[in-house]
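Please read them alongside the model.

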Amino acid sequence: MCQRSLKQQQKGPVRSAAGKWLQFPQLALRRRLGQLSCMSRPTARLRSWPLSFLYYILPFGALKPLAKVGWRPTSRVTIYKTIPTRLLSRAWGRLNRVDLPNWLRKPIYNLYIWTFGVNMKEAAVEDLQHYRNLGEFFRRKLKPQVRPVCDSHCVISPADGKILHFGRVKNCEVEQVKGVTYSLETFLGPRTWSESLTANRNEDDPGTFQDALVTKEGNELFHCVIYLAPGDYHCFHSPTDWRVAHRRHFPGALMSVNPGVARWIKELFCHNERVVLSGEWTHGFFSLTAVGATNVGSIRIYFDKELRTNNPRYNKGTYNDFSYVTNNNQEGISMRKGEHLGEFNLGSTIVLLFEAPRDFTFNLQAGQKIRFGEALGTM
């Protein structure tokens, strides 16, 4: 009995020492977290960023025990927004313009083709040696016969891509993906560009921002969101016969517009850099917006030589207007259905917003693949 009690007494101090040893890092962490709480919010967020990043990427919840000592990770959205996507996209753009040696072109392009499922049989030039750099390969043209333009419908898809969402605009909110919306007014900006368009049918009392865009009695506002994946054809075309009266360029972030990211960043399209082309078609207001994304700092509009996107001299949160209606050109820029309109440097998103008669119906399904020239809807 004495020997057993002696052994228990000997184990007691060891357990106590071990307990103190286990408490030590907790005390140190609590002291460190207390220091973070005394810092300004931006400084604390910066100091906590590396640990939060590890928290989300390490497997098996390796850093979850830190929550027991009062630490809370910075949100995924906050971490993602701190990444310098504009700078990275400019660097990627410069890399895309570097000519590849002949022996390296086929391996690089074949890897890209295999990764993103590119169909080179549709390309106007199938020979991979023809493309001097990645930029030329991304912006490859298609054979004319592989994308016939539908003549029997008034609105066609302006690009190859995936339908994210479509339908009537309700309560001045537009869906970027199912269940996630953004403000119509924030996306398009103030309605100052409407001076060059037909006056609203009820100019004295236009009502909401959405009502102000509808110029004809019996019409409603519709929208369609098309996502261009990296493997898609990167040029976009005119979706209908219309005249472009105004261009508004929003410098902004260049976050990914992948549907998975769009689900957890509210108003993603309003944060990202975008070019809004607004004008009129036979049924009233019509607009096409090219939304930039990570590595898509370059949005090019063929008839607009003044446009410069992802330029460091432009500040986020502002916008730049340019009118195509001048004394020499009162009609603006006339575009025919299917005509080449512009291009992205990689995949991105196109948002169509237009008014049409109430009986306009989309012939689409959310998530379906669509190709340039195919019909979007009927009346």
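How many aromatic pairs does the rule give? The count comes to 21 aromatic pairs, where rings of Phe, Tyr and Trp (its six-membered ring) pair if their centres lie within 6.5 Å; planes under 30 degrees apart are stacked, over 60 edge-to-face, and the rest tilted.

1. This is a predicted model, in which local features need pLDDT of at least 70 and side-chain atom pairs count only at pLDDT 80 or more, while totals for chains, interfaces and linings use all residues. Residues are numbered from 1 along each chain as its sequence is written, and side-chain values use heavy atoms, with hydrogens and water left out.

2. Tyr-109 and Tyr-131 pair edge-to-face, with 6.5 Å between centres and 90 degrees between planes. Tyr-109 belongs to helix α5 (residues 102-116) and Tyr-131 to the loop between α5 and α6 (134-138), so the contact ties together parts 22 residues apart in sequence. Helices (H or I, at least four residues) and strands (E, at least two) are DSSP runs, numbered from the N terminus.

3. Tyr-109 is buried at 0% relative accessibility, and Tyr-131 is buried at 5%. Buried means under 20% relative accessible area, exposed over 50%, and partly exposed in between (1.4 Å probe, protein chains only).

4. Ring pairs link Phe-166, Phe-222, Trp-242, Trp-281, Phe-286, Phe-354, Phe-360 and Phe-362 into a cluster. Phe-222 and Phe-354 are both buried.

5. Arg-274 has its charged end over the ring of Phe-250, 3.9 Å from the centre; the criterion is NZ of Lys or CZ of Arg within 6 Å of the ring centre and within 35 degrees of the ring normal. Arg-140 lies over the face of Phe-137, at 5.1 Å from the ring centre.
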